[in-house]
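Open the model in your viewer and keep the selection tool at hand. The tour goes stop by stop.

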Amino acid sequence: MEEQAGGPYRKLSRQEASDAVTSLGWRLVVGELRTEVRTGSLPLAADVAARAASVAGAEGHLRLDVRADRVLLSLQTATAAWVTERDVELARNISTVVDETRLEPVSGVGLDGGGGQDADIDGDIDGDGSADGGGRTVQVIEIGIDALDAAAIRPFWRAVLGYVDEPGRSGPWDGLIDPLGQGPAVWFQRMDAPRPQRNRIHLDVSVPHDEAESRIGAALAAGGTLINDAQAPAFWVLADAEGNEACVTTWQGRDG
């Protein structure tokens with residue numbers, strides 16, 4: 001499979017990818033198009049997954065996570081390790097197939113995902129006050145480890161987690177991934193000098209671009225502190241009451 005200039009396998013910018021799928025109920029999160037379909041039952045979740053998997057050309061692009069009451073779907077062109085025009089086409093086709101079940105992809109707090117179900121800031125999909133879906137839609141968690149010498153610590157984390165190199169990336173500062181896709185990716189952030197006064201491991205919580213504001217607001221209301229927003233909307237640095245840090249991140253502010 002070759003990338004073709006202007007063809008179906010052209011890599012998209014973050015802005016292009018987001019603009020192409022937001023109205024469909026999909027969101028760009030960490031280099032993949034993601035959505036969920038809430039089914040209410042495992043048999044229906046399995047049926048939706050089977051329908052999505054049967055869409056022509058899905059192999060090599062589509063990843064499925066079937067749960068008791070929903071299906072999580074992700075699209076990325078594996079050979080490009082990024083989102084291409086083919087993934088956008090598949091998002092449209094999968095959404096059409098899912099519509100046949102009278103269900104629709106859901107993503108984005110307060111949005112209908114192209115005619116879908118509305119979710120308010122508390123994740124109330126049905127408007128009945130219940131926190132359906134745990135109060136959120138799609139997201140990706142990554143672990144950032146600050147290091148002076150990543151080459152000295154990377155083998156340890158690779159071994160202790162049972163992780164592997166990202167495809168084609170095995171350098172001392174390259175990230176690590178779970179080969180089964182179950183755990184968060186690990187990446188290494190360069191430090192120039194020891195920093196004992198701050199934690200050196202933090203979580204990156206990557207959310208749909210239209211959920212960042214509500215997620216940050218909820219974290220601050222829960223006792224958090226905004227440490228730095230200089231790089232917003234790419235990321236905001238937050239901390240809990242004892243100074244442990246997490247970054248809320250989006251795709252925005254990263255192109256160009």
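Select Arg 27 and Asp 210 and show their side chains. A polar contact of 2.9 Å joins the two side chains. Bear in mind that this is a predicted model.

Which atom of Ser 107 lies 3.0 Å from a polar atom of the Arg 27 side chain? It is the backbone oxygen of Ser 107.

Now colour by secondary structure. Arg 27 is found in strand S1, which covers residues 27–29. Is Arg 27 buried or exposed? Arg 27 counts as buried because its relative accessibility is 1%, and the cut-off for buried is under 20%.

Next, select residues 62–66 and 70–75. These are strands S3 and S4. They run antiparallel, and five bridges join them. Look at the turn between them: a hairpin links S3 to S4 through three residues. Then pick Asp 65. Its bridge partner in S4 is Leu 72. While the strands are on screen, recall a general point: in a regular strand the side chains alternate between the two faces of the sheet.

Move to helix H2, residues 42–53, and select Asp 47, which is found there. With 28% relative accessibility, Asp 47 counts as partly exposed, because that class lies between the 20% and 50% cut-offs.

The separation is 9.6 Å. Along the chain, Asp 47 and Val 71 are 24 residues apart.

Key. Residues are numbered from 1 along each chain as its sequence is written. This is a predicted model: local features need pLDDT of at least 70, side-chain atom pairs count only at pLDDT 80 or more; totals for chains, interfaces and linings use all residues. Side-chain values use heavy atoms; hydrogens and water are left out. Helices (H or I, at least four residues) and strands (E, at least two) are DSSP runs, numbered from the N terminus. Buried means under 20% relative accessible area, exposed over 50%, partly exposed in between (1.4 Å probe, protein chains only). A polar contact is a pair of N or O atoms within 3.5 Å; within protein, one must be able to donate a hydrogen and the other to accept it, and residues adjacent in sequence count only if both atoms are side-chain atoms. Two strands pair if DSSP finds at least two bridges between them.
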